[in-house]
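Have a look at the sequence and the model first, then read on.

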Amino acid sequence: MLKLGVKPDVVTFSTLIRGLCNQSKICEVVRLFDEMIEKGYQPDLIIYTTILDAVCKTRDTDGAVRYLRMMGERGFEPNIVAYSAVLGCLCKKGFLKEAHYLFFEMIKQGIKPNVITYSVLINALCNQGIISKAGDIVDIMTKQGIMPNVITYSILIDALCKRGMLSKAEDIVGAMTKQGIKLDVVTYGIFIDALCKTGEVSKAENVVDVMRKQGIEPNVVMYSTLIDSLCKNGMVSRAEFIVGTMRKQGAKPNVITYNILMDSLCKNGMVSKAEDIVGRMRKQGIEPDVVTYNILMQGMFQLRRVLDAYKLWRKMLASR
């Protein structure tokens, strides 16, 4: 531009910085920003917000704090979005003490935390296993008239479920229902996974039914989790039924779903059924993978069908 006799302005730098941020070229962004300052240009609020967001995404806590401070020094008071981004960056790196100080600094500046800010802190506390403190934060935000949303509650529910505290997680669901907050597919997925891991398959199936009644269709991951749990609990025929239900409901089984079912069939000596599933997979456009063939061969060896296992192995080699 300079060779053409055209001097770049703040808008030019802003456009370049935004484009580089979109390409995740943060080193180039920082270099361009520093060059901008050296040449006497004054970055505007958009530039500061853009670069701060990009630096936070790279989890560069030092850089994030640096640009936050720079904003204030240059007369651009950081807003709730800027503070929340830096808080999130600190929390993701596990710097809870620093995040705590920044949180109260924000309040002293007269910036009122929103549901996103609180959710960031709650998530950090849950990741550190400090669930009781996270629960206290929920109480504080509610008293301040900031109602937790489905994301906030899902963070708590996930933390409780991972620690086997399902009854407390169910209490939170009750509180959500009273507040008129509907569970989303993420929250239901957390519950299904937790129930399956604790062997409460019937309850997990009930959750799936509740989802459908509310117009929320379980995804293939949820169904596969349920099928795996049914198989591990010796309910193979029920697992087969769920696979059929999936297809009717429009949630297509994938190779992982079928591998789970085939593994259980083979372990129970029903290798012929597992072989039929391979044919069904191909008709549905699902290509068996190496795990599929390994499951079949192990099943064949279990039934002493050594020649069949060898033929299958030769087919695998020929298809490569």
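How many of the 13 residues of H15 are buried? It's 10 of the 13, so H15 is largely enclosed by the rest of the structure. "Buried" here is under 20% relative accessible area, "exposed" is over 50% and "partly exposed" is in between, with a 1.4 Å probe and protein chains only. Helices are DSSP runs (H or I, at least four residues), numbered from the N terminus.

Before going further, a word on ground rules. This is a predicted model, where local features need pLDDT of at least 70 and side-chain atom pairs count only at pLDDT 80 or more, while totals for chains, interfaces and linings use all residues. Residues are numbered from 1 along each chain as its sequence is written, and side-chain values use heavy atoms, with hydrogens and water left out.

**Helix H15**
- At the start of H15, a side-chain oxygen of Asn254 comes to within 3.1 Å of the backbone nitrogen of Ile256. That's a polar contact: a pair of N or O atoms within 3.5 Å, where within protein one must be able to donate a hydrogen and the other to accept it, and residues adjacent in sequence count only if both atoms are side-chain atoms.
- After H15 comes Gly269, with a positive phi near 80°.

**Helix H9**
- H9 runs over residues 150–162, and its 13 residues should span 18 Å at 1.5 Å a residue; the end C-alpha atoms are 18 Å apart, which agrees.
- Here 10 of the 13 residues are buried, so H9 is largely enclosed by the rest of the structure.
- The buried set includes Val150, Tyr153, Ile155, Leu156, Ile157 and Cys161.
- Those buried residues pack against H7 (115–127), H8 (131–143), H10 (166–178) and H11 (185–197).
- At the start of H9, a side-chain oxygen of Asn149 reaches to within 3.1 Å of the backbone nitrogen of Ile151.
- Just after H9, Gly164 has a positive phi of about 75°.

**Salt bridges**
- The whole structure has 15 salt bridges, each one a side-chain nitrogen of Lys or Arg within 4 Å of a carboxyl oxygen of Asp or Glu.
- Side chains of opposite charge can pair when their charged atoms come close.
- In H9, Asp158 and Lys162 are 4 residues apart, so they are separated by about one helical turn, and their side chains meet in a salt bridge (3.1 Å, N to O).
- Asp158 is partly exposed at 23% relative accessible area, and Lys162 is exposed at 64%.
- Arg282 pairs with Glu287, the closest N and O atoms being 3.8 Å apart; Arg282 is partly exposed at 44%, while Glu287 is exposed at 55%.
- Glu170, Glu200 and Lys203 are linked in a network of salt bridges.

**Loops with a positive phi**
- Most residues other than glycine have a negative phi.
- Arg59 isn't a glycine, yet its phi is positive, about 65°. Arg59 lies in the loop between H3 (45–57) and H4, and it's partly exposed at 43%.
- Arg304 has a positive phi near 65°. Arg304 sits in the loop between H17 and H18 and is exposed at 74%.

- Thr61 is in helix H4 (residues 61–73) and is buried, with a relative accessible area of 9%.
- Leaving aside neighbours within four places in sequence, Thr61 is in contact with Cys89, Leu90, Lys93 and Phe95.

Note on methods. Helix = DSSP H or I, 4+ residues; strand = E, 2+ residues; numbered from the N terminus. Expected span 1.5 Å × (residues − 1). Contact = heavy atoms within 4.5 Å.
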